[in-house]
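Here is a short briefing to read alongside the sequence and the 3D view. Please keep both open as you go through the points.

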Amino acid sequence: MTDDTTGLVLFTVTVAAVATLIILPPGVAAAYALARWRGPGRGLVDTVLALPLVLPPTAVGLVLLELLGRNGPLGRLLDAVGVEVVFTPGAVVLASAVMAFPLLVRSARSGFEEVDPRLVAVARTLGDSRARAFFRVTLPLAWRGVAVGALLAFSRALGEFGATVLVAGNIPGRTQTLSLAIFQYTQLGQDAQALRLAGVAALLAFVAVYATEGLTRWRGRRVRA
Amino acid sequence: MTDDTTGLVLFTVTVAAVATLIILPPGVAAAYALARWRGPGRGLVDTVLALPLVLPPTAVGLVLLELLGRNGPLGRLLDAVGVEVVFTPGAVVLASAVMAFPLLVRSARSGFEEVDPRLVAVARTLGDSRARAFFRVTLPLAWRGVAVGALLAFSRALGEFGATVLVAGNIPGRTQTLSLAIFQYTQLGQDAQALRLAGVAALLAFVAVYATEGLTRWRGRRVRA
Amino acid sequence: EEGLVFAAASTTDVLQELRPAFTKATGHSVVLALGSSGDLARQAMAGAPADAFLSADVARMEAVQKAGLVQPGTRVDLLSNRLVVVIPLDSKRKLVGPESLKGLKRLVLADPAIVPAGVYAKAWLEKAGLWKDLAPQVVPALDVRAALAAVEAGRVDAGVVYATDAAQSKKVRVAFEVPATDAPRIVYPVAALTKGKAPEVGLSFVRFLQSEPAKAAFRRHGFVVLAPDGGESAK
Amino acid sequence: MSLELSVRLPLARFALEVDVRLEGASVAVLGRSGSGKTSLLEILAGLRRGARGRVVVGGRVLLDSAAGVDMAPEARRMGYVPQDALLFPHLTAEQNVRYGARAGRPSRVEEAVALLELGPLLHRYPATLSGGEKQRVALARALATDPALLLLDEPLAALDVTLKERVLPYLLRVRDEARVPMLYVTHQLGEARVLAKEALLLEDGRVRAAGPASEVLGASARGLLASESEGEENILEGMLERPSEGGTRLRVTEGLSLWVPDAPELPPGTRAAYAVPAEDILLSMGPLSGVSARNVLAGTVVGVEGAGAGEAAATVDIAGTRWVVRLTEASVRELGVASGVRVHLAVKTAACRRLR
Amino acid sequence: MSLELSVRLPLARFALEVDVRLEGASVAVLGRSGSGKTSLLEILAGLRRGARGRVVVGGRVLLDSAAGVDMAPEARRMGYVPQDALLFPHLTAEQNVRYGARAGRPSRVEEAVALLELGPLLHRYPATLSGGEKQRVALARALATDPALLLLDEPLAALDVTLKERVLPYLLRVRDEARVPMLYVTHQLGEARVLAKEALLLEDGRVRAAGPASEVLGASARGLLASESEGEENILEGMLERPSEGGTRLRVTEGLSLWVPDAPELPPGTRAAYAVPAEDILLSMGPLSGVSARNVLAGTVVGVEGAGAGEAAATVDIAGTRWVVRLTEASVRELGVASGVRVHLAVKTAACRRLR
Ligand SMILES: Nc1ncnc2c1ncn2[C@@H]1O[C@H](COP(=O)(O)OP(=O)(O)OP(=O)(O)O)[C@@H](O)[C@H]1O
Ligand SMILES: Nc1ncnc2c1ncn2[C@@H]1O[C@H](COP(=O)(O)OP(=O)(O)OP(=O)(O)O)[C@@H](O)[C@H]1O
Ligand code: MOO
Ligand SMILES: [Mg+2]
Ligand SMILES: [Mg+2]
C-alpha cells in the first residue's frame with residue numbers, strides 16, 4: 001500500500017469524476033426517456049437500471065468480470081482490438097460507473113418529471129426544435145434533479161468498493177482508490193490509518209456536497225423569490 | 001447456507017422494508033430541514049449525511065461495530081437496557097438503514113426544493129398551521145422526490161452487503177440476506193446458484209420499481225394534464 | 001521490470017516489508033494486489049495479468065493450476081499459520097481448551113462456509129467433537145479481520161483467528177493456541193503464473209520468498225515457514 | 001371593521017410604503033402594473049416576511065414589528081385569492097374549494113359552487129382547468145373559509161362578462177349580507193365603483209390617494225388609470241316602481257324619479273342603485289321635447305369647473321340630488337353655463353346601469 | 001392571410017369542434033369561461049397533440065391529420081402568448097424576451113421593450129415580477145420572434161388601463177404596419193372591437209358565430225357576452241381637422257364632420273377612427289339648440305327594430321353613413337320613430353372615443 005495520500009486522493013477523485021462524466025450523457029438521456037416515454041417495457045428497463053443498486057456489489061463485480069474476462073463476450077471483443085480493461089484504472093472507472101448509474105438516472109428522472117411540459121411547449125412555439133428546447137428549457141429546469149443525481153453518483157463512485165475490488169483488483173498506485181485503501185487498512189487492523197483516510201474521504205464528500213450545493217443554490221435563487 | 005429461498009426473500013424484504021420505514025420519518029424531516037433551512041452549518045450536516053455513501057461500506061460497518069462495541073458510546077447504552085443488536089436481525093436493519101439514509105435524504109430534499117413556497121403560503125392563509133400545511137401541501141407535492149428517495153433507500157437496503165456483513169455477520173436463517181447469500185455462493189464458486197438468487201433479487205427490484213412507479217404515476221397523472 | 005503479485009490479504013504486512021528487499025536483491029519490482037484468495041483466483045482465471053499467486057488455501061491454487069496458469073514446477077507450499085482463540089483484552093474469562101468454549105454465548109469465526117480460516121476452525125472443532133454443540137453460538141464473519149474486529153469491539157466472547165492476525169491487535173489477547181496436531185494443516189501455496197506481463201519476475205519473486213531473509217520476515221510476523229519438502233521447518 | 005396599515009416592505013425597484021387608515025368595509029386597491037397591489041395584499045395575509053410596521057384589522061393587531069407581534073397567516077383569517085389562482089395541483093377542484101372550509105358552514109361552499117358554476121368541474125384537477133375556471137375555484141376556496149377579510153387580487157380579470165355580472169352581485173351580497181369586508185384589486189374602474197366604498201390608489205409603492213371611493217375614483221384616478229372613455233358616474237339609489245304604463249322607474253326622492261331599463265324580474269319596492277356616466281348626460285338650456293331620452297330633468301347649475309383638455313364638469317342640483325355633467329369648455333362658453341342657471345338634463349334610460 | 005380551421009379535440013366536458021374559414025388578418029376569439037378559446041389557440045400553435053382535422057394558415061398546411069401532416073410547433077411560427085404568461089423561470093426577463101428572437105431583427109425587440117415598459121425589469125427573474133409585468137414580458141417574447149401569426153390569450157387582462165391604452169395601439173401597429181395577423185382572445189367587447197376585423201364566438205366548444213367583427217360582435221354576442229352597459233358602437237373613420245376656433249374635428253365625408261375631444265398632439269391631416277356608443281346618442285324629432293352636445297346631425301331613419309327587453313335600435317342615414325341609435329320602445333312609440341322620418345342626432349364630443 002502506498003502512503004502517498006495525495007496520489008490516492010487524486011486518483012480516486014479523477015476516477016470518480018471520469019465515471020460520473022461518462023455516465024452523465026447516457027444517464028441523463030435514459031432519465032429523460034423514462035420520464036417522458038409512456039410505452040410498454042418501461043418497467044423492465046427501469047428494473048435493469050436498478051439492478052446494480054439491488055444486487056450485492058460483489059455480484060455486480062463478478063458479472064462484470066465474467067463479461068470482461070478472457071472468455072467473456074465483451075472480453076473477447078476487447079481482446080481482439082487489443083484493449084485491456086480488467087485490472088486497469090479503466091476497470092475502476094467502469095465498476096464505479098455501473099454502480100453509480102442507477103443513482104444518477106433515478107434522481108435525474110424525478111427532476112425531468114417535475115418540469116412543466118407547457119414551458120417546453122412554449123419554447124417550441126418560440127422556434128426551438130425538440131432538441132434545442134431540451135437543452136434550453138428542460139435540462140436547466142430539471143437541473144436540481146440532475147445535479148443531485150450526479151452528486152449521488154459521484155459520491156457512490158468515490159466510495160465504491162465491492163465491485164471495484166473484483167474487476168480492478170486492489171493494486172496500489174494503479175487501481176487502488178481511497179475506498180480500497182481504507183478497506184486494506186481496516187483489514188490490517190491499522191485503524192488509525194484507516195480513520196485518517198476516512199477523514200480525507202469526508203473532506204472530499206464535503207467539497208462535492210458543497211460544490212453541488214453552491215450550484216443548485218445559485219440556480220435556485222434565480223428561480224424562486 | 002439455507003436453501004430456503006422463500007425464507008431468504010421474506011427476511012430480506014422485511015429487513016429492507018423495516019429499514020426504509022424507520023429512516024422515513026427522520027429522513028424526510030432532515031430533507032425538509034435541509035431544503036428550507038438557510039443557516040450556517042448546513043454544509044456540515046449535509047456532508048455527515050453523505051458519508052455512508054462516500055466511505056467503503058466495510059469501513060462504515062467497522063465504525064458501527066465500534067460504536068456498538070461494549071466500550072462504544074452506543075454499545076454501553078444498549079448494554080445497560082439489555083438490548084443486543086450486533087449479529088442480530090436488528091443489526092441488518094441498522095446497517096441497511098445507515099447506508100440507505102443518505103439516498104433518501106438527498107432525493108427527498110430535491111423534492112422539497114421543487115415545491116412552490118407560495119402554495120404553502122396559500123395553505124397557511126386557508127387556516128393551516130405550519131405542520132398541517134406540511135402534511136397537506138408540501139409533502140404531497142414533494143411526493144415524487146420522497147418516493148424516489150424511498151425506492152433508492154429500499155433498493156440499497158435490499159442490496160447492502162459490506163456494512164451488514166460486518167455488524168450482523170452472515171448467519172443463515174438469522175441475519176443472512178439475499179445479498180449475503182449471493183456473496184456466499186459467488187465465493188464458493190457456485191455461480192449458478194448465485195445467478196439464481198440474483199434473478200430473485202432482480203424480481204424484487206422489479207416489484208419495488210413497479211410499485212413506486214405506480215404510485216408516482218398515479219399522483220403524477222393527477223398533477224399534470 | 002515490474003511484476004504483478006496476487007497475494008492473500010493476510011500476508012499484506014509482511015509482503016510490503018519484503019518488497020523493497022526484493023527489488024534490492026533482483027533489480028525487479030513487484031506490485032502487490034491483495035485480497036481474498038477466492039477473489040484473486042477468480043480474477044487470475046478471468047485474465048488478470050498476474051505473475052505470481054500466493055494463496056491462503058490449497059483449493060484456490062488447485063483451481064488456478066487446473067486452468068493452466070501455473071508455470072510448471074514453480075508451485076511450493078510456502079507458509080503455514082496457526083489458529084488461536086482470542087478474547088477481548090479486558091475479558092475476565094479463563095479459556096483453556098476447546099471444551100471451555102461450550103460456556104460461551106457467542107464465538108466468532110471467519111465464515112466457515114467460505115473463508116479458509118473459518119473452514120480450518122470448523123474442521124478443528126469437528127475433530128474435537130464440539131461442532132454440533134457450538135454451531136448455534138457461532139457467528140460467521142466476512143473474513144478473519146471481521147472476526148477479529150468483533151472480538152475487539154467486545155461484541156462476542158471469543159473468536160478463532162490466525163496467530164498472525166492476533167499478533168497485530170492490541171485489543172485482544174490469545175486465550176490459547178490450537179495445537180498444530182489438532183487442526184488441519186493450514187497451507188499457503190505460492191506459484192509463478194504464465195499469463196502475466198513479466199512471468200520471469202513472478203518466478204524470481206517466488207524464489208525470493210523462499211530465501212532466508214524472506215523466511216525470517218515471515219516468522220517475525222507469526223507465520224510458520226514450511227520446508228520445501230512440505231514439512232515444518234524450525235520456528 | 002377598521003383597517004390600519006402602516007407598513008414598509010423593500011421591493012425590487014422601490015419600497016412599498018403604505019400608511020393609511022380606512023373604514024375597511026370594502027376597499028378597491030388600484031394602481032398601475034407593478035405598483036405594489038399584490039404585495040400589499042400579501043402583507044395583510046402575512047405572506048411577506050420582510051414587512052415591517054403595523055397592521056391592524058378590525059381591532060386585531062396582525063403585525064406590529066415594534067412590539068414583536070407577527071400573527072401567523074393561519075390565525076389571521078384572511079381569505080386570499082391570488083392573482084394567479086395558485087390552486088393546489090394535487091387536489092381536485094372540490095378538494096381545493098373545501099380545503100379551508102370550516103365545519104358547520106357548508107352552505108357557504110354550496111352557494112359559492114353554484115354561483116361560480118363550479119359544479120361540473122368539481123372532480124377535475126387544476127391541470128386541465130381553463131384560466132377562468134381556475135380563478136373561480138380560487139375564489140370559492142377563499143370564500144369557503146369564512147374569512148374575516150377577503151383579499152381579492154383581480155378575481156374577475158379572467159371571467160367573461162356574463163360570469164362577471166353574476167359574480168359581482170354575489171360579492172356584494174357577501175359584503176353586505178354576510179358582512180365580510182374586502183380588499184379588492186382591480187384595473188377596472190367600473191368594478192371598483194360597484195364594489196368599493198373606499199379606494200386606495202398606489203403609485204410606485206406609495207399611496208397616491210386613499211379615502212372614500214367617490215373621491216379617489218374621481219379625477220385623481222383618471223390620469224393614472226382611467227381611459228378617456230371611462231369617467232365619473234352619478235350614483236343614484238332609490239326604490240323601483242312599476243307604473244301602469246309599463247317600464248321601470250327608480251324613485252330617488254320625492255321630487256326625482258327616473259326611467260331605467262326595464263327589469264321585470266325585480267319586484268316593485270326593490271331598492272336598487274344605478275350609475276349614470278357624467279358624459280352620457282345631455283345638458284340643455286331650454287326645455288326638451290321630442291327627444292329619445294325619456295328622462296328630462298329640470299335643475300339648477302351649482303358649479304362649473306374646468307377638467308383640462310378642453311373639458312369641463314358642471315354640477316347640477318335636481319330636487320336636492322347633485323349631478324355631475326360632463327361637457328366641453330366650448331359648450332360652457334357657447335351656452336353660457338354658469339352657477340344659478342336653470343338647465344334641463346336629458347338622460348337616456350340606456351345610460352342608467354344598475355349596480356346591484 | 002387566410003385561416004382555415006376544421007378541427008376536433010376532445011376536452012373534459014365536451015369536444016372542441018371548430019369548422020370555420022376566415023380572412024384571418026385579425027380575429028377576436030370570444031366565448032364564456034371554459035368555452036375552448038385557449039384550446040383553440042393551442043391547437044394552432046401545435047401544442048395539443050390530440051387534435052385531429054385540418055389547419056391551414058395563409059396557405060401553409062399546419063395540420064392535416066387525414067394526410068398525416070402535423071407540422072412541428074417550431075416550424076409553425078406562431079407567436080403564442082399564453083394566458084398565464086408561462087415565462088421561463090430560469091431566465092431573466094431579458095433572456096425571456098430574446099429567447100426566440102431572430103437574428104437581424106433586433107429592432108422589434110427594442111420597440112417592444114420600450115413600449116411595454118420592460119426596461120427596468122430586464123435583469124429580473126420572473127419569480128419576483130408582478131402579474132402584469134409577467135404578461136408584458138410574455139407579449140414581448142412572442143413579438144420578438146417575428147411570428148407569422150400572433151396568438152394572444154387575454155394579453156391585456158392584467159394590465160392597467162394606462163398600459164392598455166399604449167399596448168392596444170401598438171398591437172394595431174404590429175397588425176397593420178408589420179402586417180402580422182393575430183388571433184386575440186378577450187372578454188372585453190371593447191378590446192375586440194378595436195382590434196378585430198373578424199370575430200369567432202365559441203360556446204361549449206362549438207362555433208356560435210364567426211365572420212366580420214361588426215356582425216358577430218353585434219346583437220348575437222350580447223346575450224353571451226356583453227354586459228348591459230356595453231353595446232353597439234358606431235365606428236367613424238376620417239381625417240382630423242383643427243378649425244381656427246379651436247378644438248378638433250373629424251371629417252368623415254364631405255357632408256359629415258364631428259367635434260371630437262380635443263387632441264392637440266395629433267397634427268391635422270392624421271387619419272383616425274372613433275367609436276360612438278349607440279346608446280350615447282340622443283335622437284330628437286325636431287332641431288336641437290342650446291344643448292351641450294356640440295354635434296347635432298340631421299339624418300333620415302332608414303330602419304327601426306326591436307332589440308328585446310323594451311329596447312329598440314334605429315338606423316339613421318347621415319350623409320351616406322349609417323348610424324345605429326339605441327332608444328327604448330316607449331320612445332319609439334311616443335316619438336313616432338319610423339323609416340323615412342327626419343331626425344336629429346345629438347352626439348356629445350365626450351361620447352366620441354378615439355380608437356387608434
Ligand atoms: N418577491 C419580490 N421581491 C422583490 N420585488 C418584488 C417581489 N414581488 C414583486 N416585486 C416587485 O415589486 C413591485 C410590486 O409588485 P406587485 O406584485 O405588488 O405589483 P402589482 O401592483 O400587483 O402589479 P400587477 O398589477 O402587475 O399585478 C413590482 O415592481 C414587482 O416587480
Ligand atoms: N388538457 C385538457 N384536457 C381536458 N380538458 C381540458 C384541458 N384543458 C382545458 N380543458 C377543458 O376544456 C374546456 C375549454 O378550456 P379552455 O382552456 O380552452 O377554455 P377557455 O375558453 O380558454 O376558458 P377561459 O376563458 O376560462 O380561459 C374547459 O372546460 C376546460 O376545463
Ligand atoms: O456493500 Mo458495497 O456496497 O461492498 O460496495
Ligand atoms: Mg399583482
Ligand atoms: Mg383560456
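Setting aside neighbours within four places in sequence, Asp204(D) is in contact (heavy atoms within 4.5 Å) with Phe14(D), Ala15(D) and Ser35(D). This is a predicted model, in which local features need pLDDT of at least 70 and side-chain atom pairs count only at pLDDT 80 or more, while totals for chains, interfaces and linings use all residues. Residues are numbered from 1 along each chain as its sequence is written, chains are lettered from A and ligands numbered from 1 in the order in which they are written, and side-chain values use heavy atoms, with hydrogens and water left out.

**Asp204 and the fold of chain D**

- You will find Asp204(D) in the loop between strand E10 (198–203) and strand E11 (206–212) of chain D; helices (H or I, at least four residues) and strands (E, at least two) are DSSP runs, numbered from the N terminus.
- Asp204(D) has a relative accessible area of 45%, which makes it partly exposed; with a 1.4 Å probe and protein chains only, buried means under 20%, exposed over 50%, and partly exposed in between.
- Between Asp204(D) and Ser39(D) there are 12 Å in space, C-alpha to C-alpha, and the two are 165 residues apart in sequence.
- Chain D as a whole has 10 helices and 21 strands, and 60% of its 356 residues count as buried.
- Taking the contacts in chain D between residues at least 6 apart in sequence, 64% join residues at least 24 apart.

**Positive phi angles in chain D**

- Arg77(D) is not a glycine, yet its phi is positive, at about 55°.
- The loop that holds Arg77(D) runs between helix H2 (73–76) and strand E7 (78–81) of chain D, and the residue is partly exposed at 30% relative accessible area.
- Glu117(D), also a residue other than glycine, has a positive phi near 55°.
- Glu117(D) sits in the loop between helix H4 (106–115) and helix H5 (131–143) of chain D, and is partly exposed at 24% relative accessibility.

**Thr248 in chain E**

- Strand E13 (residues 248–253) of chain E includes Thr248(E), which is buried at 1% relative accessibility.
- The side chains of Thr248(E) and Arg242(E) make a polar contact of 3.3 Å; the term means a pair of N or O atoms within 3.5 Å where, within protein, one must be able to donate a hydrogen and the other to accept it, and residues adjacent in sequence count only if both atoms are side-chain atoms.
- Beyond its neighbours within four places in sequence, Thr248(E) has contacts that include Leu240(E), Trp259(E) and Asp262(E).

**Where chains A and B meet**

- Here 49 residues of chain A are in contact with 49 residues of chain B.
- About 4600 Å² is buried between chain A and chain B, with carbon and sulfur atoms giving 66% of it; buried area is the accessible area (1.4 Å probe) that two parts lose on being put together, summed over both.
- Four salt bridges cross the interface of chain A and chain B, each a side-chain nitrogen of Lys or Arg within 4 Å of a carboxyl oxygen of Asp or Glu.
- Glu113(A) and Arg144(B) form a salt bridge, with their closest N and O atoms 3.3 Å apart.
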